[in-house]
Amino acid sequence: SKIQPLKQEFLVKAEDIDSKLDANHSMQILDADSSQEEAINAAKAGQSFVIQGPPGTGKSQTIANIIAESLAQNKKILFVSEKKSALEVVVNRLKESKLDLFCLELHNSQKKKSEIIHKLKTSVDEIKALAMDSQRPVFIDDINKVKKQIQSGIDELHKIREPISKSLYEI
């Protein structure tokens with residue numbers, strides 16, 4: 001995936017993601033590499049951008065994460081695509097995390113009005129039940145701890161050593 005940002009000041013660079021972003025503030029539902037993290041965090045900051053890339057580069061995965069983050073910010077999302085298959089891939093990724101409760105699929109013109117109303121009612125009821133059960137995962141603190149340990153190791157690797165004025169990485 002490739003990100004083309006419009007406002008650079010909101011963008012957290014890939015190399016700064018582990019040190020600047022706290023896992024407590026992440027609502028991602030799928031794994032993401034550093035370029036995907038850049039796009040997700042740009043979206044969280046309200047930035048407009050284009051994600052492009054060949055098949056299999058994680059575009060739908062990134063979009064699903066952006067939708068999850070946007071839902072956590074109480075935003076409404078309109079996801080459209082020229083290809084129905086692209087919509088289905090993203091919806092399937094959301095279904096894996098039960099976020100399809102927040103989806104109202106309108107690309108099927110065969111749906112009856114009563115089916116749409118039933119889906120809305122069912123989603124509202126399920127969301128209310130889910131809200132009662134949800135708790136903050138305890139492993140988030142572990143993630144932050146491991147991120148700090150890894151970053152510390154990286155910092156040590158690149159630290160300039162005297163009297164040779166080189167880092168272990170350079171050596």
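## A quick tour of the chain

The chain exposes about 12,200 Å², and carbon and sulfur atoms supply 55% of that area. Please keep in mind that this is a predicted model. Its fold has 6 helices and 2 strands, and the elements run β-α-α-β-α-α-α-α from the N terminus on.

**Overall burial and contacts**

- Of the 171 residues in the chain, 23% are buried.
- Among contacts with a separation of 6 or more, 58% are between residues 24 or more positions apart.

**Helix α2 and what follows**

- Helix α2 spans residues 34-44 and is mostly covered, with 8 of its 11 residues buried.
- Those buried residues are Gln36, Glu37, Glu38, Ala39, Ile40, Asn41, Ala42 and Ala43.
- Just after α2 comes glycine 46, whose phi is positive at about 85°.

**Glutamate 69 in helix α3**

- Helix α3 covers residues 59-72 and includes glutamate 69.
- Glutamate 69 has a relative accessible area of 3%, so this residue counts as buried.
- A polar atom of the glutamate 69 side chain sits 3.5 Å from the backbone nitrogen of glutamine 28.

- The loop between α3 and α4 (84-96) holds asparagine 74.
- Asparagine 74 is not a glycine, yet its phi is positive at about 60°.
- Because its relative accessibility is 72%, asparagine 74 counts as exposed.

**The segment after α6**

- Helix α6 covers residues 139-158, and tyrosine 169 lies in the segment after it.
- Proline 163 also belongs to the segment after α6, and a cis peptide bond with omega of about 10° joins glutamate 162 to proline 163.
- Serine 165 has its place in the segment after α6; although it is not a glycine, serine 165 takes a positive phi of about 55°.

**A nonpolar surface patch**

- Leu157, Ile164, Leu168, Tyr169 and Ile171 make a nonpolar surface patch of about 530 Å².
- One of these patch residues, tyrosine 169, is exposed, with a relative accessible area of 57%.

Note on methods
Residues are numbered from 1 along each chain as its sequence is written. This is a predicted model: local features need pLDDT of at least 70, side-chain atom pairs count only at pLDDT 80 or more; totals for chains, interfaces and linings use all residues. Side-chain values use heavy atoms; hydrogens and water are left out. Helices (H or I, at least four residues) and strands (E, at least two) are DSSP runs, numbered from the N terminus. Buried means under 20% relative accessible area, exposed over 50%, partly exposed in between (1.4 Å probe, protein chains only). A polar contact is a pair of N or O atoms within 3.5 Å; within protein, one must be able to donate a hydrogen and the other to accept it, and residues adjacent in sequence count only if both atoms are side-chain atoms. Patches are made of residues with over 30% relative accessible area and no salt bridge: like charges are joined within 9 Å, nonpolar side chains (Val, Leu, Ile, Met, Phe, Trp, Tyr) within 5 Å. Accessible areas come from the Shrake-Rupley method with a 1.4 Å probe; for residues, only the protein chains shown count as cover. A salt bridge is a side-chain nitrogen of Lys or Arg within 4 Å of a carboxyl oxygen of Asp or Glu. Contact means heavy atoms within 4.5 Å.
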